[in-house]
Amino acid sequence: MPCLLFAANSAAAQSPGSGFEQNWLLAMVVVMLTLVGVFLALVVTMTRNQRLRRHMRHDRRRVARELRSICRHVEQIRQTLQDAGLNDRFSGRQSAQSPEQSQLYREQMSELQQQHERLRHVSQHFAAHPKAFPNARNLHNFVVKADHFLAAIEKEFEQHWGSISAANEGVDLETLHHLRHFTAADRKNFQGRFIAPMKRLILIIGNKNYSSWSLRAWLALRKTGIAFAEKRIALFEPGFREILLAYSPAAKVPIYVESGFAIWDTLAICEYLAEKHPALWPAERKSRARARSISAEMHSGFQALRNALPMNCRASGRHVPISAEIAADIERVEGIWTDCRKNWRAGDGPWLFGDFSIADAMFAPVASRFRTYDINCNETATEYMQTVLNDADVRAWYADGVLETQIIEEDEAGAA
């Protein structure tokens, strides 16, 4: 600008015109320079505002993701405790819990406290950046209600479980005081308006004692860490087919229902889960192809083994005649386990490909069969079989299966 003013003054000084013309020319230059300055200031201001708006939009999205994450974590905690037969209250009948349950209880309570802490950080962020949330004047109050929501989960179990002080667990009980003022409408508002509605995930399974295909899908789903509900259907009881037809035209278990959308067939369910959880397949391309090959082989083959040696979690020490076809299937399974453990296992993991994969879910019921019917394998295959049977999720399935009372005669092979 100073250069332009100097040039304008020089031009005016050299002009033979009157002083009025010189002043007019100078005034025009000043006006033009002023307009340019105003324009540049507007551009800078608009750019800065756009950046600020983008930052605020990003900030709001980040907060929304954080709140959704908190909600998912809490649902998982609730489901974990419910599956283990515990309430998720910050107090409970500790004397009635086994050491394993007490440990699980403490771990989940610690995790729930962490979610409360995350909410407090979100609340502090609202307070520090009020301009980032111009259309949510009461967001701070909303976060308080979200904190109520976390604590309110305990109330779902209050009618089923007694309570005593949990001070000996080292839990901060102060966060529970809001619970008494948290209404059902508040909770619905939290889930529906501010948080995308939680997907209702249901796995429809058959008898845990007998249903090997249900175990496969259930185990894969458990390994994802997703919180889901189980709907157990007693197979071959009057009306069981009509119940299944309401979910799937195939009328077979398992059926995975996500927000009303049904996927049936174990391998289809596992592939659907793997799209969101790629770790269900090995990371390396050829290992992944091998895992898919043996999973498909299990899905479509081994008919002699599956027919003659049905899964029966309650039974042990059973013996059935081993035909040449059954022996061939057993030998093939043993070969698959041995080859994968020796040649395809990545790292130090105990599963077929190192870490758990869908292939392990597909062969888990076979390990159960081998235990029931005392099938002897080589050392490598036996080690793998013990890995499956000692897995915490498989043991949880077994524990439920043993408690079932229904007897399906055709699956009681080898009974005395």
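With which residue does aspartate 400 form a salt bridge? Its partner is lysine 208, with the closest N and O atoms 2.8 Å apart; a salt bridge here is a side-chain nitrogen of Lys or Arg within 4 Å of a carboxyl oxygen of Asp or Glu. Aspartate 400 lies in helix α15 (residues 392–403) and lysine 208 in the loop between β1 and α7, 192 residues apart.

Before going on, I note that this is a predicted model, in which local features need pLDDT of at least 70, side-chain atom pairs count only at pLDDT 80 or more, and totals for chains, interfaces and linings use all residues. Residues are numbered from 1 along each chain as its sequence is written, and side-chain values use heavy atoms, leaving out hydrogens and water.

Lysine 208 also forms a salt bridge with glutamate 230, at 3.2 Å between the closest N and O atoms. Glutamate 230 is in strand β2 (residues 229–232), so this pair ties together parts 22 residues apart in sequence. Lysine 208 is buried, at 0% relative accessibility, whereas glutamate 230 is partly exposed at 30%; buried means under 20% relative accessible area, exposed over 50%, and partly exposed in between, with a 1.4 Å probe and protein chains only.

A further salt bridge joins aspartate 393 and arginine 222 (3.1 Å, N to O). Aspartate 393 is in helix α15 and arginine 222 in helix α7, 171 residues apart.

Conventions
Helices (H or I, at least four residues) and strands (E, at least two) are DSSP runs, numbered from the N terminus.
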